[in-house]
Amino acid sequence: MNKIKAQPLLNYIENFISLTDEEVDILLQNISFRNYLKGQYIAQQGDVCKSSYFVVKGCTKMFYLDDIGQEHIIMFSIENWWTGDLGSYIAQLPSDYHVQCLEPTQVITFSYEDREVLFEKIPKLERFFRLIIERALVSTNKRLVRNFSLTAKARYIYFKEQYPEIEKRIPQYMIASYLGITKEFLSKIKRQLLND
């Protein structure tokens with residue numbers, strides 16, 4: 001993979017660890033770049049998540065479908081975020097989630113096998129992945145607490161303040177699904193906020 005395409009990932013990695021030029025070359029040999037169309041699936045529920053994806057450009061949603069076909073959005077990912085079912089990727093077991101592109105999306109992929117090769121050749125990448133997985137775990141736990149302890153209105157305000165870029169890019173019914181409420185209830189909350 002060429003360095004120019006990988007630059008967003010390299011910049012991101014530099015926030016956690018420093019790589020030598022030789023290590024960058026090894027990394028570039030063990031990752032790939034992929035384009036997806038709007039609506040295309042990066043991963044599907046029931047399949048093993050063979051790769052982890054760093055979003056270079058675009059927006060994705062991770063969701064599961066329940067037994068009656070109801071969609072439940074777990075997370076969104078935009079530029080410089082990761083996407084994919086981490087549990088499926090780490091355990092190499094069938095995924096509980098779909099990952100679908102909401103915009104034309106470019107990702108850098110780390111296959112499970114290539115990541116293991118990278119860990120052998122560049123041990124500090126294990127630290128890098130540990131740090132980002134720890135951040136993901138903390139973020140997930142905080143979201144669970146918010147879902148249990150905050151009202152729907154407070155959850156929406158938090159979402160709006162923390163992720164203004166995402167709110168501008170996705171339909172309201174998807175935000176409602178992410179918040180665990182109906183789109184009608186979200187419309188009511190937004191009207192209340194306008195009147196406050």
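This briefing describes a helix pair, a strand with its partners, and the surroundings of one tyrosine. The model is predicted, and the points below are grouped by topic. Helices α1 and α2 pack against each other at an angle of about 115°, strand β3 pairs with β8 in the antiparallel sense, and tyrosine 97 lies in a loop between α3 and β7.

**Helices α1 and α2**
- Helix α1, made of residues 3-14, and helix α2, made of residues 21-29, have axes that lie 11 Å apart, and their crossing is right-handed.
- On the α1 side the contact is made by Lys3, Ala6, Leu10 and Ile13, while α2 contributes Val24, Leu27 and Leu28.
- Sorted by class, this contact has 6 nonpolar residues and 1 charged residue, with no polar ones.

**Strand β3 and its partners**
- Strand β3 covers residues 51-57, and because 6 of its 7 residues are buried, it is largely enclosed by the rest of the structure.
- With β8 (residues 105-111), β3 is joined by 6 bridges in an antiparallel arrangement, and lysine 57 stands opposite glutamine 106 of β8.
- With β6 (residues 82-83), β3 forms 2 bridges, also in the antiparallel sense, and tryptophan 82 of β6 is the bridge partner of phenylalanine 54.

**Tyrosine 97**
- The loop that holds tyrosine 97 runs between α3 (86-91) and β7 (98-101).
- Leaving aside residues up to four places away in sequence, tyrosine 97 touches Ala43, Gln44, Gln45, Met62, Phe63, Tyr64, Ile74 and Asp85.
- Tyrosine 97 and cysteine 49 are separated by 48 residues in sequence, and their C-alpha atoms are 9.4 Å apart in space.

Definitions and conventions:
Residues numbered from 1 in each chain as written. Predicted model: local features only at pLDDT ≥ 70, side-chain atom pairs only at ≥ 80, totals over all residues. Heavy atoms only, no water. Helix = DSSP H or I, 4+ residues; strand = E, 2+ residues; numbered from the N terminus. Contact = heavy atoms within 4.5 Å. Axes fitted to C-alpha atoms, helices over the stretch in contact; angles between N-to-C directions. Left-handed = near helix turned anticlockwise from the far one by under 90°. Nonpolar A, V, L, I, M, F, W, Y, C, P; charged D, E, K, R; others polar. Buried < 20%, exposed > 50% of the residue type's maximum accessible area, 1.4 Å probe, protein only. Pairing = 2+ DSSP bridges.
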